[in-house]
Amino acid sequence: AEYRSEGEGSGDEDDSDAASGAEEEDDDEAKDLVAPRIIYCSRTHSQLAQFTAELQGVAALFPEARAVTLGSRDQLCAHEARQRLSGQRLNDHCLDLLDKKGGGCAHYHRRRIADGADDLLAQVQDVEEAAAAGTAGKCCPYYAARRASKDAEVVIAPYTALFSPSTRRALGLRLRGAVVILDEAHNVVDAANGVSGLRLTLRAASRSLEALTAYARRYKVRLRGQNIMYIGQLQRLVRAVLKLLHNPGGSGGARTRAGGEA
């Protein structure tokens with residue numbers, strides 16, 4: 001039988017603990033050495049394309065750098081609906097197609113999107129090149145770019161992607177720890193106002209009141225009392241807005257443009 005005094009051991013456990021501790025320290029140092037993500041933003045897609053071209057010019061010097069250009073569905077959607085829809089209508093149409101009852105989209109295929117994301121990261125491409133490559137590969141360039149942005153070291157995006165919290169969440173664009181470059185920074189205030197603001201015309205407000213009135217008149221018999229009350233509240237709200245637009249110098253103090261815009 002072998003006898004060991006208390007506190008005496010083979011030393012293997014201590015060596016193992018020491019090695020484990022050293023590995024953890026190395027891992028912590030490696031994390032500290034990871035380069036932060038660079039997010040480059042500009043106002044227009046033409047300015048983003050210029051930056052992408054410059055990046056393509058020096059790509060040979062940094063062959064392992066991963067960069068991706070983000071864009072809206074207006075620039076990247078491969079569905080034929082892009083020929084007739086734009087903006088929010090195109091966004092809604094896309095989401096309707098991807099809904100279980102929407103019939104699906106031929107370009108939305110998870111495996112092909114993953115392959116498309118890898119292709120985007122393998123070579124710097126501008127938004128037009130990404131759209132063409134995705135369409136040719138029968139994958140959705142919009143969702144491929146979104147997927148690629150999670151692993152990209154350089155993300156190229158318009159102002160709207162940066163200033164809108166909902167867009168940032170949708171694109172997976174995290175700002176914490178990133179280096180954010182704002183090109184043409186004198187346009188930042190206007191861009192932020194454009195994302196956060198809303199322009200309402202006298203004509204749009206008038207049509208809204210007409211639509212509410214027609215809806216209430218047509219479905220009055222079918223609507224519940226609570227729904228009728230809600231419609232009445234909306235009508236009063238729109239009438240107040242119309243009054244303000246007709247009389248911009250009134251007690252509300254709001255400023256409107258000469259055409260009835262607020």
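Author: What follows covers the chain, then a helix crossing, then the cysteines.

This is a predicted model. Its chain has 262 residues, and 30% of them are buried. The secondary structure comes to 12 helices and four strands. Among contacts with a separation of 6 or more, 71% join residues 24 or more positions apart.

Confidence comes next. The mean pLDDT of the chain is 81. Of its residues, 81% reach 70 or more. Strand β4, residues 179–182, has the highest mean pLDDT among the elements, at 94. Helix α1, residues 12–33, has the lowest, at 46. Over residues 1–33, pLDDT stays under 50. For that stretch the model has one contact beyond four places in sequence. Residues 252–256 also stay under 50. They have eight contacts beyond four places in sequence.

Now the helix pair. Helix α5 spans residues 110–122, and helix α7 spans residues 141–149. The two pack at an angle of about 65 degrees. Their axes lie 8 Å apart. The crossing of α5 and α7 is right-handed. On the α5 side, the contact is made by Ile 113, Ala 114, Gly 116, Ala 117, Leu 120 and Leu 121. Helix α7 brings Tyr 143, Ala 144, Ala 145, Arg 147 and Ala 148. By class, nine residues of this contact are nonpolar, one is polar and one is charged.

The structure holds zero disulfides. The cut-off for a disulfide is 2.5 Å between sulfur atoms. Cys 94 is also buried, at 13% relative accessibility. Cys 140 is in no disulfide either. The cysteine sulfur nearest to that of Cys 140 belongs to Cys 94, 6.2 Å away. Is Cys 140 buried or exposed? Cys 140 is buried, with a relative accessible area of 8%.

Note on methods: Residues numbered from 1 in each chain as written. Predicted model: local features only at pLDDT ≥ 70, side-chain atom pairs only at ≥ 80, totals over all residues. Heavy atoms only, no water. Axes fitted to C-alpha atoms, helices over the stretch in contact; angles between N-to-C directions. Left-handed = near helix turned anticlockwise from the far one by under 90°. Contact = heavy atoms within 4.5 Å. Nonpolar A, V, L, I, M, F, W, Y, C, P; charged D, E, K, R; others polar. Buried < 20%, exposed > 50% of the residue type's maximum accessible area, 1.4 Å probe, protein only. pLDDT = per-residue confidence, 0-100.
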